[in-house]
Amino acid sequence: MATLTIARIYQHSFRTHPHVTLAFTGGSLNAFGDYVAQVTQNAVGRKEHEPLKPYDFKRTLRFFCFGCLISPFIGRWNIFLERRFPLRKWPNSGRVSFRALSKRVACDQIFMAPVGLGIFLTSMGIMEGRSPSQITEKVQDLFKPAIVTNWQVWPVAQFVNFRYMPLPYRVPFQSACGVFWTLYLSIINSMEDEKQDSHKM
């Protein structure tokens, strides 16, 4: 019952304020992903008698801001894919074109995945107050391994997303699946930050 109520509220909010709804949803799920990452890093990376690291609220805020920034953009991208690669030749046809679905996923992974990753690394560097040279170093160090990992995990999730999820729910579904992806990005971004900070000393 509560789930249906939330779904109705979300649908109404999406109809009336789609960009704000996507921004808040994506930002919240991104922040949750960073929260999970920080808790995981504290639990796994800490030695037995080492004190817990204080929770970094600014780091979570940065992930929230990134989610708010990118989610409406992804929403517009999904509309483009919906129109450019329709899954059915006729609106009432039950048959889905696997070829069109494959084109959607391929287009998403070839174009949007690298752009989104580049925006993430750059915006994180800016929000962290990094210098242009440090941001360039971050992108050079992290882009290639992260995009390769992306291509290993996201195509399957996007197949499910584009095939079964209605358009208003695609960004939330992607963000929900992305909690684990955010955990990965948060950890590698944090490791890169520690590396750059150690060079200052």
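E82 forms a salt bridge with R104, the closest N and O atoms being 3.2 Å apart, where a salt bridge is a side-chain nitrogen of Lys or Arg within 4 Å of a carboxyl oxygen of Asp or Glu. This pair links distant parts of the chain, since E82 lies in helix α3 and R104 in helix α4 (residues 98-127), 22 residues apart; helices here are DSSP runs of H or I with at least four residues, strands are runs of E with at least two, and both are numbered from the N terminus. Side chains of opposite charge can pair when their charged atoms come close. The model is a predicted one, in which local features need pLDDT of at least 70 and side-chain atom pairs count only at pLDDT 80 or more, whereas totals for chains, interfaces and linings use all residues. Residues are numbered from 1 along each chain as its sequence is written, and side-chain values use heavy atoms, with hydrogens and water left out.

E82 also forms a salt bridge with R170, with the closest N and O atoms 2.5 Å apart. By the same rule the count comes to 5 salt bridges, and 2 salt bridges are counted between domain 1 and domain 2. The chain is divided into domain 1 (1-84) and domain 2 (90-200), with bounds that come from an automatic or database domain assignment.

The centres of the two domains, taken over C-alpha atoms, are separated by 13 Å. In all, 33 residues of domain 1 are in contact with 29 residues of domain 2, contact meaning heavy atoms within 4.5 Å. The area buried between them is about 2800 Å², of which carbon and sulfur atoms give 73%; buried area is the accessible area (1.4 Å probe) that two parts lose on being put together, summed over both.

On the side of domain 1 that touches domain 2, the elements giving two or more residues are α1 (2-16), α2 (18-45) and α3 (57-84), and the largest share, 16 residues, comes from α3.

Over residues 61-79 the chain is 100% helix and 0% strand, and the end C-alpha atoms are 28 Å apart.

Seen as a whole, the protein chain has 6 helices and 0 strands, and its C-alpha trace spans about 65 × 40 × 30 Å along its principal axes.
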